[in-house]
Amino acid sequence: RLTLERALEHIRLTAENRQLRRQLEAGFQSPDIIGSSPAMIRLMETVAQVAVSEATVMVTGESGTGKELVAAAIHFNSPRKVGPFVKVNCAAITDTLLESELFGHEKGAFTGADRRKEGCFVQADGGSLFLDEVGEMPIAMQVKLLRVIQEKAVRPVGAEHEIPVDVSILSASHKNLEQLLREGQFRQDLYYRINVIDITVPSLRDRVEDIPLLAEQILQSSAQKSGLERTPGISKDAVAALMNYSFPG
């Protein structure tokens, strides 16, 4: 049993070293992105190329594929990595509060504004702002976002003067923005501003080779959180079942 455990540990370390070598060859490191399949190697190579650019990036893919991890990898491997990485989920904030969240507000600007608030654009100055689920943003806010991108300045709600900002914009959406364009729910001018470079994150169905590596990583993480001295194993049948599953949703 001890010999088998050592052999399995050797196999695991070899796989991890191979994965890290591929990441280094691609020109960047992101320990949170796990995978050595052709689809993930292509993704990592693209991220490495995009990270050195100042172009706005749109990250697309199904829910749960890791769009935020890709956005973080772009930021932390870019010249802006010493600056802040600020995240905003546009779908989780009500329409009335989204403007204040993004641009900030002055004290007394509206009912309940009992103090001055610094918006996410100002917080991200010198770094990157990640707009998650940007397809959920209402049209009125899209107009204001477009102006900020063009003018590189924000005006907090209730303020008289604009604040200059230097921010790299990263966006993500699980919705098809081109479809939203056709339906009139997303502005074409904003679409082309935030979608200079498009990166699609593959689903697990497109990289089943990574499932055993992901499963083992999840087991290790769960074992550590549970205080277990040993990481539980996973049977061949369980791995086969996972690799044959379509992972809907």
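**A strand and its surroundings**

Guide: In this predicted model, strand β1 (residues 57-60) is joined to strand β9 (residues 197-200) by 4 bridges, and the two run parallel. Within that pairing, valine 57 has isoleucine 197 of β9 as its bridge partner. Strand β1 also pairs with β8, again in the parallel sense and over 4 bridges. Here the bridge partner of valine 57 is leucine 170 of β8.

The side chains of β1 deserve attention next. In a regular strand, side chains alternate between the two faces of the sheet. Accordingly, Val57 and Val59 point one way from β1, while Met58 and Thr60 point the other way. All four of these residues are buried.

Strand β8 leads on to a helix, for β8 (168-173) is among the elements against which the buried residues of α6 pack. The others are α4, α5, β5, β6 (153-154) and α8. Helix α6 has 13 residues and reaches 19 Å from its first C-alpha to its last, close to the 18 Å expected at 1.5 Å a residue. Its buried residues include Met141, Gln142 and Leu145, and Leu146, Val148 and Ile149 are buried as well. Seen down the axis of α6, the buried residues fall within an arc of 160°, and therefore they line one face of the helix. An α-helix has 3.6 residues a turn, so residues three or four places apart point the same way. Just after α6, lysine 152 takes a positive phi of about 55°.

The largest nonpolar core has 32 residues, of which Leu102, Phe121, Leu129, Leu131 and Phe186 touch the most other members. Two or more residues each come from β2 (85-89), α4 (95-103), α5 (120-123), β5 (128-132), α6 (139-151), α7 (177-182) and α8 (188-194). The largest share, 5 residues, is that of α6. Phenylalanine 186 illustrates the packing: leaving aside neighbours within four places in sequence, its contacts include Ile139 and Gln142, together with Leu177, Leu180 and Leu181.

Finally, a word on confidence. The mean pLDDT of the protein chain is 88, and 92% of its residues reach 70 or more. Over residues 23-27, however, the pLDDT is below 50, although this stretch has 10 contacts in the model beyond near neighbours in sequence. Where pLDDT is low, the predicted coordinates should not be read in detail.

Methods:
Residues numbered from 1 in each chain as written. Predicted model: local features only at pLDDT ≥ 70, side-chain atom pairs only at ≥ 80, totals over all residues. Heavy atoms only, no water. Core = buried A, V, L, I, M, F, W, Y, C linked by side-chain atoms within 4.5 Å. Buried < 20%, exposed > 50% of the residue type's maximum accessible area, 1.4 Å probe, protein only. Contact = heavy atoms within 4.5 Å. Expected span 1.5 Å × (residues − 1). Arc of directions from axis to C-beta. Pairing = 2+ DSSP bridges. pLDDT = per-residue confidence, 0-100.
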